[in-house]
Amino acid sequence: MEKVGVIGGGSLGTAIAQIASQNVDEVYLHLRRKELADIINQTGFNNEYYPNTKLNNNIKAITDFNKLKDCEIIFLSVPSSAFRETLSNLQKFINESVILVSTAKGIEYPSLKTMGNLIEEYFDDDYVSLSGPNFASEMVLNLETVSNIASKNKNNSKKVKEVLTTQQFKLKIIDDVVGLEICGVIKNINAMANGICKGMDINENARYAILTKGFEETQKIVEAIGGNPSTVKEYCGFGDLVLTSTSNESRNHTLGMLYGQRIIVDEDASGIVVEGKKSIKAIKDICKKYNTESIIVDFVYDVVIKHVQPKIAFKRLWEKIEN
């Protein structure tokens, strides 16, 4: 394959570009800011995210969507909050045959639309979604990683797998786009739940019971909205849930710890808080819409959205677990 595009020069977008560049002739990495694009092209370093990692020479930073028109695959690695605007701007620049790949783990609120649903609005339903236990900081260094991809078009999944597969980065194709995307949202809520408990210094027996309950309830929610509950056992489900719920590298886990310690978070300075709150509200609404109870979602909603004292919220949670 000759040309691949990546929209979004953040941590994940840059890591995707670095991986894809091993298999294609050219990778166009689209950024909003010309200053950063110039630095990448002049030095070979994305100094805002990976100042110590040299990017491969066939990665070209761009700021013009028009340069993506000849790309066969375009990865969308922008935050979920910017997804709709990006699709709207991109619509008039690319051809119909391009394969769009979503790497964003989020849901639009209050519409409750996944990133794939938004792609369908502006393009078609042949897109591919990628999700898994993937810290971008490890991916960019070519450390061993496995992820899932899913699409209604199996051939598109195969093409994306060819572009991304290396000796270190492995991909498993599954059929369940709905389950894959929802797992990527719910795992953040589980990460917050476990972070809250860690911040409160809850004992480990209880914390891992809550992690297990979160896994079980994720299967219920995925099935309720039309996904396959077995998807939750995949890398995009169990793997991502455990990674983000237990690692100190996880932003949502860290956010939960702060709430568990009753530390006031500066929401204006932390985009992750806003994104996290939208995810909580969205999954809470989805549970209500599909008449599915989740005591883990309720627990996080009480602490983060309603500002219930963590000890009181935990007591409510524990009273309901296995009753």
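Mentor: A polar contact is a pair of N or O atoms within 3.5 Å; within protein, one atom must be able to donate a hydrogen and the other to accept it, and residues adjacent in sequence count only if both atoms are side-chain atoms. The model here is predicted, so local features need pLDDT of at least 70, side-chain atom pairs count only at pLDDT 80 or more, and totals for chains, interfaces and linings use all residues. Residues are numbered from 1 along each chain as its sequence is written, and side-chain values use heavy atoms, with hydrogens and water left out.

Trainee: With which side chain does the side chain of Tyr-109 make a polar contact?

Mentor: With that of Asp-285, at 3.2 Å.

Trainee: Which residues does Tyr-109 touch, not counting residues up to four places away in sequence?

Mentor: Contact means heavy atoms within 4.5 Å. Tyr-109 touches Asp-285, Ala-282, Lys-281 and Lys-278. Lys-278 lies 169 residues from Tyr-109 along the chain, yet their C-alpha atoms are separated by 6.1 Å.

Trainee: Is Tyr-109 buried, exposed or partly exposed?

Mentor: Buried means under 20% relative accessible area, exposed over 50%, and partly exposed in between (1.4 Å probe, protein chains only). Tyr-109 has 30% relative accessibility and counts as partly exposed.

Trainee: How many disulfides does the structure hold?

Mentor: A disulfide is a pair of cysteine sulfur atoms within 2.5 Å. The structure holds zero. Cys-183 is in no disulfide, and its nearest cysteine sulfur, that of Cys-236, is 4.9 Å away.
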